[in-house]
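Keep the 3D view open beside you as you read.

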Protein chains: 2
Amino acid sequence: MSFSVRILGSSSALPTSQRFLPAHLLNVNEHFFLIDCGEGTQIQLRKYRVRLGKINHIFISHMHGDHVFGIFGLLSSFSLLGRENKLHIYGPEYLEDMLLDHLKYFRSDLTYELAIHKFSCHHSANIYSDKHVEVFTIPLEHRTPACGFLFREQGQERNIRKEMIEKYMIPVSDIVRIKQGADYYTDKGQLIKNSELTLPPFRQRSYAYCSDTIYTESIVTYIQGVDILFHEATFSSEDSKMAEATSHSTASQAAEIARKAGAGKLLIGHYSSRYKDIQLLEKQAREIFQETYAVQDGDLYEVPQERIFGDND
Amino acid sequence: MSFSVRILGSSSALPTSQRFLPAHLLNVNEHFFLIDCGEGTQIQLRKYRVRLGKINHIFISHMHGDHVFGIFGLLSSFSLLGRENKLHIYGPEYLEDMLLDHLKYFRSDLTYELAIHKFSCHHSANIYSDKHVEVFTIPLEHRTPACGFLFREQGQERNIRKEMIEKYMIPVSDIVRIKQGADYYTDKGQLIKNSELTLPPFRQRSYAYCSDTIYTESIVTYIQGVDILFHEATFSSEDSKMAEATSHSTASQAAEIARKAGAGKLLIGHYSSRYKDIQLLEKQAREIFQETYAVQDGDLYEVPQERIFGDND
């Protein structure tokens with residue numbers, strides 16, 4: 001079960017020759033979730049050899065062009081490739097109106113069904129759920145309504161050890177109970193403890209994407225203990241006034257959020273094009289939160305699968 | 001006086017990891033004209049170190065997404081960079097409606113004035129003119145109304161040789177006439193032939209952009225003797241049926257147009273993503289028109305400046 005995020009674009013509003021516009025691709029067990037879709041996202045997806053047809057869900061954080069202008073070409077390319085799967089797009093108010101206005105002129109004959117799901121940026125909500133993962137919005141504070149997204153794996157049952165099924169000839173009818181933690185009595189009345197029959201479940205891995213936002217501690221509640229936090233760091237500490245004026249964050253502020261949330265790892269990005277050397281931003285963040293990584297286009301960050309061993313295991 | 005075209009994107013509708021979407025940049029004496037604006041054009045412009053503020057005129061051939069989806073980000077970036085110069089966009093019907101619909105949601109507070117000029121794709125017209133260059137539309141045949149563009153330098157006067165002004169002490173009042181071809185009489189009545197006083201004018205250089213179109217000889221009239229012809233070559237000869245079905249051209253058909261027009265050089269591009277090796281397309285075209293070049297992203301083609309020496313020079 002993979003759980004990884006690929007950085008498709010690490011710039012803020014102005015792309016550079018090295019940095020594409022914001023887009024992240026989350027891979028949960030080979031199900032792909034696209035988060036934001038700046039101009040050129042489809043080009044990056046091809047560069048990193050992602051099959052476009054594998055993307056069925058797109059999440060748009062807010063209605064600023066650098067986070068959304070790649071969607072027009074992507075919708076069009078899906079059709080050119082003969083897509084038939086329904087495509088789900090999640091976004092704040094106006095995304096639907098904007099897309100429908102756009103589609104009046106282009107590819108009104110989409111080869112696939114498009115479902116646009118609105119969310120409010122005033123409160124957190126569970127906006128998506130399948131058997132692998134749940135997605136929650138994280139209200140952010142920006143110049144326009146904006147939400148981050150928390151992706152969290154679904155809770156897993158304990159895994160039954162196949163060799164034990166054979167050893168004790170456990171009937172199928174008992175397996176569900178055992179996976180839920182029950183012990184087992186053999187035909188001869190022998191007690192077999194659950195810890196012998198099963199392996200503990202895997203830990204629920206999580207990824208939070210918080211961009212764009214001014215420094216706001218209200219985020220912290222939603223992302224406690226997250227494995228990987230991406231938090232925008234448009235500016236360095238020296239430019240904190242500019243961060244405030246434009247409703248963005250500094251690298252140190254991103255680190256402060258990661259520290260308060262007890263995140264496993266902090267990724268920073270969404271850099272202003274004024275910084276040629278982003279190591280400065282990483283350095284400033286690491287003074288507050290050591291496990292900080294300043295992302296580059298193409299970077300892949302993975303959360304390994306780990307079992308949660310309890311006292312009885 | 002430069003006269004060159006930079007290929008910003010050489011793919012057709014689906015970009016590849018090697019090819020961006022259609023956009024060409026014509027440089028006439030450091031005045032830049034952007035022709036088509038596929039997704040990612042602003043990224044390519046940065047890659048090739050073009051100062052965005054130098055672009056004041058954008059020409060859109062037709063309303064298919066691969067030729068126009070880069071304009072949203074470019075308009076936005078112009079504002080972010082504080083542009084004040086008026087921006088002129090030339091395009092077919094609906095371009096204006098589409099852009100105005102789009103701008104309802106994004107950057108309605110552009111920092112600069114936007115002038116959108118409509119043209120008809122039913123007949124050729126002179127749509128732009130300044131002291132260096134004129135632009136004419138070239139009606140094409142595609143699935144949607146489409147026009148190519150002919151850029152032609154303005155006719156130049158003869159250039160007076162500075163050393164002759166000093167040698168014969170020619171007064172300023174005579175210079176205009178001499179540039180137009182008149183001879184000169186000195187105070188002592190000596191006849192100085194114009195050919196001694198001046199250099200012949202530079203030849204009017206020209207560039208034609210023809211994309212997207214099915215093979216149509218009606219183009220030929222508009223581009224007789226053009227220095228560089230770009231003609232789309234989406235398909236190889238083997239796929240000519242597909243070319244016809246989708247209103248595109250093969251490389252051989254592009255070459256046929258170049259041959260009939262007596263072009264100086266033919267550039268082909270707008271390749272279908274099915275061709276990994278575009279040398280095949282170049283080879284097929286060269287069988288008909290030797291001076292064919294299959295373009296790659298980033299290529300720069302220049303037309304050198306040449307004087308037209310007449311019998312008297």
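Just past the end of helix α8 of chain B, Gly262(B) adopts a positive phi of about 60 degrees. Helices here are DSSP runs of H or I with at least four residues, strands are runs of E with at least two, and both are numbered from the N terminus. Before going further, please note that this is a predicted model, in which local features need pLDDT of at least 70, side-chain atom pairs count only at pLDDT 80 or more, and totals for chains, interfaces and linings use all residues. Residues are numbered from 1 along each chain as its sequence is written, while chains are lettered from A and ligands numbered from 1 in the order in which they are written.

How many of the 11 residues of α8(B) are buried? The count is 8, so the helix is largely enclosed by the rest of the structure. Buried means that 20 or more other C-beta atoms, placed from the backbone, lie within 10 Å of the residue's own. Among the buried residues are Ala251(B), Gln253(B), Ile257(B) and Ala261(B). Their cover includes β15, β16, α9 and β17 of chain B.

Those strands belong to an open sheet of 7 strands in chain B, with mixed pairing and the order β7-β8-β9-β14-β15-β16-β17. The edges are β7 (126-129) and β17 (292-294) of chain B, each with a single partner strand, so one side of each has no neighbour in the sheet. Direction ignored, neighbouring strands are turned by 15 degrees against each other on average. Helix α8 (residues 251-261) of chain B packs on this sheet, touching β15, β16 and β17 of chain B, and its direction makes about 150 degrees with that of β15(B). Such angles run from 0 to 180 degrees between N-to-C directions, with axes fitted to C-alpha atoms, for helices over the stretch in contact. Helix α9 (residues 279-286) of chain B lies across β16 and β17 of chain B, at about 170 degrees to β17(B).

Within the sheet, β14(B) and β15(B) pair in the parallel sense over 4 bridges; pairing requires at least two DSSP bridges between the strands. One of these bridges joins Tyr207(B) to Ile228(B).

Finally, look where the chains meet. Here 28 residues of chain B are in contact with 28 residues of chain A, contact meaning C-beta atoms, placed from the backbone, within 7 Å. On the chain B side, α2(B) supplies the largest share, 5 residues.

How values were computed
Two residues are in contact if their C-beta atoms, placed from the backbone, lie within 7 Å. A residue is buried if 20 or more other C-beta atoms lie within 10 Å of its own, exposed if 12 or fewer, and partly exposed in between; C-beta atoms are placed from the backbone.
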